Structure formats: C-alpha cells, structure tokens
Amino acid sequence: MHSTVVVNRRNLRSALEAWHVVSELGESELAGLEMVRDKVQHGSSATSAQLGLFLQSELEMALQELQQTYQLASGEERTYYTLLIERYLARRSATAVAGLINVERTEYYRRLNAALDALASILNAKELRLRSAQAKASESSTVLAETRPIFQVPLPMKDRLVGRDHLLDILKQGLTIGRKTVLLGIPGVGKTSIAIALAYDPDVQRHYSDGVLWANLGITPDPLSTLKLWGRELGVPMDVISSAPPDVLARRVHERIGLKSLLIIIDDAWDIDTAMLLRVGGINCHHVITTRLLDVAVALADEDGPFRVEELTLDESITLLSSYVDEGSLSGFGISLESLAKASGGLPLALLLTGRLLSQAMHSGMERRFQSLLQALQDPSERLRLSVPVGPNDGIGGTSGQLSVFAQIAATEQVLSEEAKRALTDLGVFLPKPHSFSAEAAQTVCDCSIEAIDELVAFGLLETKPGDRFMLHQSISEFARLRLSDQTAWRRMAKWYADYSEANEANYIALDAEWDNIQYALNIAQDRGYMSEVLRASHALTPFLLSRNMSERAYSLLSETLPLCRQSESLTLLAQHMVLLARTALHAKELDKAAQTVQEAVSICSQNKEAEHLLPIACEIAAMVASTMGNVEEALQRYGQALESAQETRQVYLIPRMLVNMERLEIGDGNRQQITATAVLQPPVWQKAFSKVQTWLRIQPKLLSSSALRLWVKGVRLAVTGETAGGIAALRQAADEARGTGDGEALITALGFCSLLYVGTGDYVSAERCAVEGLPLKEFAIFPRSVGFLYSMYALAQLYRGVVDKANALIHEGLSYAKAIGSIESESWLKGMGSVIWLAEGDANTAYQIAFEGVALSQRSGVIDVLPYSTAMCGLALTHLHNYDKAWQYFKESVTDVSAFNDVWARTFGWICYGEGLLLAGNINAARESLQQGLDLAERIGATPHAARAQMALAKVALAAGDHGAAQQYANQSHQNFVRVGDIRAREVSWWTKDQLGSITGDK
C-alpha cells in the first residue's frame, strides 16, 4: 500500500496544469493515488508517462461525473465543468473564461476554487471506496487474483490433436500484443480444440504470464455471467459485480486488466456485439476469437482477415483414427481405416466420435457390438447421429450432454430463415467437397434466391470458391440429404445440367469445368428414369465425349435413350440420334455396329423431308465407315452422295472437308481422276471450292473450313502488323466459327495463334484457356506448329504467374509430343520459347543451347516466324555468359530477320532483348536507344508485359547514368504494368527498386 494521498485544491490545480505533458502529470503528487497505482500490472513498475496516462483517465472520469452531477443545476454549480475544461484543458486565459461564463474576474476566481473543491471531493470519495475495498480484499481471494496467473480454460482434450502442429506454430507466431486472431471454420472442424491447445501451450503461457480468460458464447450467449466470472478473478469489487450492467462491468474489467499480459479467448461467437463487449484488455493482451459465421469473422478480424481452419487430410485422418483402433482390428470386418477416414470427410469431430466409439466397443470385448457399430458407420443417417457424453469442461468449449455431428449442424440450421433451410436441404443433391457448383446451379436446383445461398455462406454451412462457386462439406451434405423429402430437387438438377450441356455444346472448356457435376447428374437421371434429360444431354455431349476419348460412355448413353427416340414422333430426332450413334460406334472402332446404324440413318434421312438436312453428314459417316473397312469404291460413292445432298440442302460449309477427304482417298487408291469428273463438281460454286482445296493441298494435307480460314488469315494479318485488338477479335471469331461447325482443325489453329497474342498482351488466363481447349485437339492440327504455340504459350503463362515447375513440365511435354509426331515446326517453337524459361531460372548455358537448337530447327523447317525470337534469345543468353561478340551477331540477325518477316511483335521482342544485352555489356547509350524503340512498339501494339520489361531495363539504364528520378519513374511504370496483368515479375521490380533506389514502387 502506498502512502495516503488526499486530493486538495493545490495538488489538483498542479495536476491539471500538467495535463498536456503526461510525463509531468505522472510525476505529480496525485500520481500516488491508489486509483492510479492500482492500474499498474502486479509486480511491475510503471514509467512516469504510464502513470500520467492512468491519472489522466481518472481525472477524465471525475470531470464527467462533475458534469453529470451539476448539469441540471440552476446556480453557479452548472459552470464548474466549463470552468475547469476551458481553463486547464483548453488553456484559455482567466479573462477569456470569465467572459465565457459572463462574470466579473473576482467572481471567476471564487467559482474556479469552488469547482476545484467539488472535483477534489469526487476524487477523494472514489479513493476512499477503493481503499476500503482493498482492505476487505486483503482477507479474501481477491489478493490471490493479484498474485497468481488466471486460468479459466476448459480441460485439455484427452483425444490426440492431429494434423495441427503447423497451424499452431503459425498461430503462435501471430499472437502479438494488441492484435486479434480470428479462427473461422465449419461446425466440428476443431476451432475450439485449437484454441484450447494454444492456451495450454507452455510458450504461450510464458508469454502471457498473467494467464488466460475464456468465454464460451454459443447460440444463446450470456456475456454478463462471463464478465462476472472475469471480474471475480480480477478483483473487481463485489458490489460492482452484483449490480453493474454488462457495459459498465466490461469497462471495470477492462480497467482491472490494465497492463496485465493476458490471452483472452472468445469461443464460438455468434454475434458481433457480444464478442465486441468481451474484447476487454489493454495493450499487453491478445484476443483469439473462434466462430463459424463468416460475417462475424470478417467484422472482428484484423486487416489480414480471419484464419480459416480446414479439414484434415486423408493421411492425417487415418493417423487420428489409428490412435483409437489399429488396422488389424478391422481386417476381419471388410473395412479399413482409410474408408472410415474418407467417410468423415476429414472433419475432426466426426473422426473423434468414430474413434472414441470404436475404442469403447473394442474394449467391451463384445464382437457383436463392434460389428454393429461398424455397420452404423457405413450409413450416413446413423453415422451423423452417433454421439458421446461430454461435460462443460471436456475440451469441447463449454457444451454438456450428448455430442454429435448432427447436433452441431442442427444448432446452426435452427437459426436460418425458412428459405435458407429449404435451400440447405435441396443442396444435398449436389456432390460434396472437393467438388463445387455454380451460384446459378445452386439457385436453380434449390429454387431459391441468391440471398438464401449467401445466408448459408454467412452461417458457415456453405464454402465459397473463386469464380462464384460453392462447396458443401460431406457431413453437411449428408445432413441435408437426411432432410430431403421433396424429390423435385433431383429433377431440377438433372434438367439444369442437361440445359447447361446444350447451351455449352461447343464450349469444351465450360463442359470440362462442370464435367463431374454433369456426369453425376446424368447418373442420377438414369437411376431415377429422367430419360428426356438423359436424351438431351447425350446429344449435346457426344462430340465432347468423343474428343475426350470417352466413346464408350457416349455409346452407352445413346444406346440407352434410343428407345425413347423411336417412340418419338420426330423423325429429325431419330435421324440425329442414329447419326450420333453411328459416329460414336466408328470412333470406338465398332465398325459392324457403325455400318448397321449409319445405314438406318441414311435411310431415314433419304425418305423423310424433315430429316434430309442430316443426309450429308450421314452419308459422310457412311463413307468413313466404308473407308475404314477398306471399301474404297463404296466410300467414294458415299462421298459423292454426301456432296450431292450438301448441294441440294445448301450446306456449303460441309463441302471443302468432304473434298479433302475424297482427295486423300483418291491419292491413297492411286486414282486421281475420278474426283474431278464427279458430276456434282460442275456448278461454279463447287469448282471454286475445289480450286481452293487443291491450292491448300499443295501446302498442307489438311484444310481449314473456308469461313474460319478467312477469319484466321485476317486475324494473323492484323496481329503481325500491330492491330492487336482487331487480330484477337478476328481469331476469336474464327474459333467460334470452328466450334459452330465442329471443325477441330480450324479450332486448334485459331486457338494457337490466339494464345500467342494473349501472352503478348498479358492475358495469361485466356492463354491458358486456349491451351486447355486446344491441346486435346492436337491430332487435328492443320499446321503442327499450332501445337507448339499452345504448349509454349501455356508454359510462358505459367512462368509469368510464378508456376515454374509446371512451365518446365509443359515445355518437356510439348517437345516429347513434337518429336513423336515428327513436327519440326512445333519443336522449333518450343525450343525458341523454352529458352525464355531456362534464362529466367538463371541457367544461361541451357538457355543458349536450347535457343540455338530452335534456330537450327527453324531454318531447317522454313518456319521463319519463330526465327527472330530464337536468335534474340541466343544473343541474350550469350550476353549473360559474357560472350558479347557472338551475341551481337545473333542480335543483328534477329533484327534483320524481323525486318524481313515484317512482324511487329517479333520486332518488339528483338529490340528489347537487344537493349537488355547492351545494358549487360555496359553500353548504356545504345541500350537506351534499343529499349526505347522496343517500348514504343510495345505500347503501340498493347504488349503490356513487353512494355513493363522495357521500362524495367530503362530504369536500370537511368540508374547507371545517375538519373535516380527517371529510374524511379520507369520502375514505377514497370511495376504498375506487371501488376496490371498479374505478372510475377512485379516482385522483382519491387525488390530491385527497394534495394537499388532505397524506395518502394508506387503501386503495390
């Protein structure tokens, strides 16, 4: 106990005059008051500044009490608060304050002294109460609260905490004072267990030496009871604990904590206000908050956001189960730890319950009980309801009674709106995590608003995924299915994915993205007899399935729905079905089935006006079947029939492809005259088409469909002359045209060149999409270097997004394929562009060797469009190896090749590489000129990554010339451009700028 200090007019005036200098305030006589010293952490010493802050806080509260006491008074007392505030805190002169309250100067001094006396009386009364309480507490447990650490945490779980070591290490590193850690996760994922583990960690306990405060909130929180418990531990007077409302008691608890070093854990927060009320404590405290609600987590987290707690991996799940029961105990029952782990979906609560119950059953010695439990674990309805008894201190966060996964999820479900409850139930028809589904699919299948879906996300029952997609944990999915009584959700799902398949029939990227869901919906539709949906989906999906080598699946779907087509009154539907069935049988090499089916298709189309538009395709397939079976004459006859029917039905776009196939057949049979004498080739339109075919056959053995060809040529012409936007638009239109006609040859060619432009403009996502769609069609490539385009651009997109391993893998995969098909064109492209990756990784020797091989292959194959890139890379690699003389030869060849080819993109690349080489050699002025040319061209054609690269090199040139301002400006521009396109090289610019210029880039 400190010496008694009595507040009087003199020492109070002295303290108020030192108000604005807290260190002086802390040295004043009033800093010895118990109300001030009581705020100092037990066992610690406080600085003058800290004492000043504590005294300032007490004076503020006393001034507020003074104002409240006299605010309704009618006499001079109502001026007391104004006098003190204006004189000492606002530092106004006596004359100014006297004028403010409209009194003479003599009266002003009298009232000021009276105000000081009134404030002193308030402070003395509070000091007396505190001393009295301390005297009583000296004989009670309150003193104990000041001398030993507080620890209010539930007992540690007896179950092993598996798979969380790395997570706990990360969380421990983040337990910095004055911050918050918010753990977000679905019910049963182990948030509470992690919080308890933190509280019992020896390192954490040493750091937070005054202990741990714990609050379990739940769906019906009682914050007042928690605050009372905390207050008793902290020595808050009993009269305050028993009578104060929550907000007042929270403030008193906060005051009692003062500078104590406490870890404060608020578990299972369901609303923001309650959690905020319990966020007491000073600068030496850290708060850990766990919640299943997204909105609560986001509102309470720091700027870094909440920390999402994920489920355990399969290996971790097996490890946890093995701590209860060994694999050998299960061997005689046809079940494994792995299958039990998979059934849990990695949810720690489900694994804990499974393990505990299995252990109990095994130790009971009753095999029947053990076997019965294993059977129950195979049934979701029983598995979810399996429970174990728990008490309030059983490491589950304050819950008592029977603990089950079902009860945990049901606790959240009960607070949902009726629409959200129905939506949750209907979501049970979807595949669980790791599969995902779109927002549109969720709304349609659940027949609900997007607000209902968002509500499920907010309450932690539905997880989000980039691209406006959602995932449902396996346990929540099983919970939903248990409630699913309305079967219309299954039908809505089957219909939605059939509609989706039809809408995206030619968009293989879209079909790939949803393939798991489509296949699942098809299985559901087949099992439940929704055959109209199966029929629609099978027609839409057949081309896609064939492109993915799933002919057996396509044939199965078409065969299963054939009876439905035969029952239909639509001959068009039947004919279309038979054509698809024949095409699928041919793809699967089931030639007899294909011949039989296509014959029926030809017959239907020939005899029925409504189906005659399908006759050219049917005849073409019949020709292909005959050709595959070695019947050349029959194949030629069928092609003639196909050409004739294409002419009659005005399906001109089919003719070039048929002519090419006939030409191949004629060449293979040694008879080159019959095709030109075919009667159907006499009209001018066919003569023109055939002339185009013959021209292209002299260049390549395959042919683009004519409309896509014109667009492709236009796109390439625009692109190489620098009209990038127009070039991309034309090439995308060419790709759309090719998809519409089902022409894989045209599609991969258009996608190949599109990928080049996308990488050049920094649209790496679109470049990847082109590759993902185009590479499965590589066997159809007219120009084999299209495959090289796709592989190399896909690799560069990965490189510039920071996925170097995948970039390397794609180059190697592309080279293997190019060698396998003997495509020198593709190999030259892959080596020319692959050298970029090796140089980026710092391997200049390999980069030069690869680029040199690319040059040789390019010259050998006559593919001049890759030559400037390969020669430029040779020069750049050699400058890294300090072989400047040879490097300049390559750079000059590169620029000469560029001029001859007149490709503005290659010219841009060449000048920038040349400038970087000159910079490495120390030729600053020449480097500046070369780089500026490259930058001007890059900006003109919209080549953002090239522009950023040139700007970075120019920054280095400016720094070498001593112009720090220009260096900073170029570096900022480079960083902004790289950031704009999501290029990993933005980091390199930041590091260089900070290291070389001692600053940071302007755009993070």
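Which residues of β5 are buried on one side and which on the other? In this predicted model, H286, V288 and T290 lie on one side of β5, and H287, I289 and T291 lie on the other. All of these residues are buried, and both faces of the strand are covered. In a regular strand the side chains alternate between the two faces of the sheet. Strand β5 spans residues 286-291 and is mostly covered, with six of its six residues buried.

The chain as a whole sets the context for this strand. Its secondary structure comes to 53 helices and eleven strands. The chain has 1004 residues, and 54% of them are buried. Contacts between residues 24 or more positions apart account for 67% of those with a separation of 6 or more.

Strand β5 belongs to an open sheet of six strands. The order is β1-β3-β4-β5-β2-β6, and the pairing is parallel. Strands of a sheet pair through backbone hydrogen bonds, either parallel or antiparallel. The edge strands are β1, residues 150-151, and β6, residues 307-308. Each of these edge strands pairs on one side only.

In the sheet order, β5 stands between β4 and β2. Strand β4 covers residues 263-267 and runs parallel to β5, with four bridges joining the two. I264 has H287 as its bridge partner in β5. H287 is also one of the buried residues of β5. On the β2 side, five bridges join β2 to β5, again in a parallel run. Here V182 has I289 as its bridge partner in β5. I289 lies on the side of β5 that also holds H287 and T291.

Strand β2, residues 180-184, also pairs with β6. That pairing is in the parallel sense and extends over two bridges. L184 finds its bridge partner in β6 at R308.

Two helix pairs were examined next. The crossing of α12 past α14 is left-handed. From α12, the contact draws on L224, L227, K228, W230, G231 and L234. From α14, it draws on P246, L249, A250, V253, R256 and I257. By class, this contact has nine nonpolar, one polar and two charged residues. An α-helix has 3.6 residues a turn, so residues three or four places apart point the same way.

The second pair is α30, residues 515-528, with α32, residues 551-567. These helices also pack at an angle of about 30 degrees, but with their axes 13 Å apart. They are therefore roughly parallel to each other. Their crossing is left-handed. Q519, L522, N523 and Q526 of α30 meet R553, L557 and E560 of α32. By class, the contact of α30 with α32 has two nonpolar, three polar and two charged residues.

Helix α27, residues 474-483, illustrates burial of a helix. Seven of its ten residues are buried, so α27 is largely enclosed by the rest of the structure. The buried residues are Q474, S475, I476, S477, E478, F479 and A480. Their cover includes α19 (337-344), α22 (380-383), α23 (405-413) and α24 (418-426).

Two single residues complete the account. T274 sits in helix α15, residues 272-277. T274 counts as buried because its relative accessibility is 11%, with under 20% as the cut-off. Apart from neighbours within four places in sequence, T274 is in contact with L217, P221 and P223.

V981 lies in a loop, between α52 (964-980) and α53 (985-997). V981 also counts as buried, because its relative accessibility is 15%. Residues up to four places away in sequence aside, V981 touches T761, G762, Y764, T944 and P945. V981 and G762 are 219 residues apart in sequence. In space, the C-alpha to C-alpha distance between V981 and G762 is 5.2 Å.

Technical notes:
Residues are numbered from 1 along each chain as its sequence is written. This is a predicted model: local features need pLDDT of at least 70, side-chain atom pairs count only at pLDDT 80 or more; totals for chains, interfaces and linings use all residues. Side-chain values use heavy atoms; hydrogens and water are left out. A crossing is left-handed if the near helix is turned anticlockwise from the far one by less than a right angle, and right-handed if clockwise. Contact means heavy atoms within 4.5 Å. Ala, Val, Leu, Ile, Met, Phe, Trp, Tyr, Cys and Pro count as nonpolar, Asp, Glu, Lys and Arg as charged, and the others, Gly among them, as polar. Two strands pair if DSSP finds at least two bridges between them. Buried means under 20% relative accessible area, exposed over 50%, partly exposed in between (1.4 Å probe, protein chains only). Axes are lines fitted to C-alpha atoms, for helices over the stretch in contact, and angles run from 0 to 180 degrees between N-to-C directions. Angles under 35 degrees count as roughly parallel, over 145 as roughly antiparallel, 65 to 115 as roughly perpendicular and the rest as oblique.
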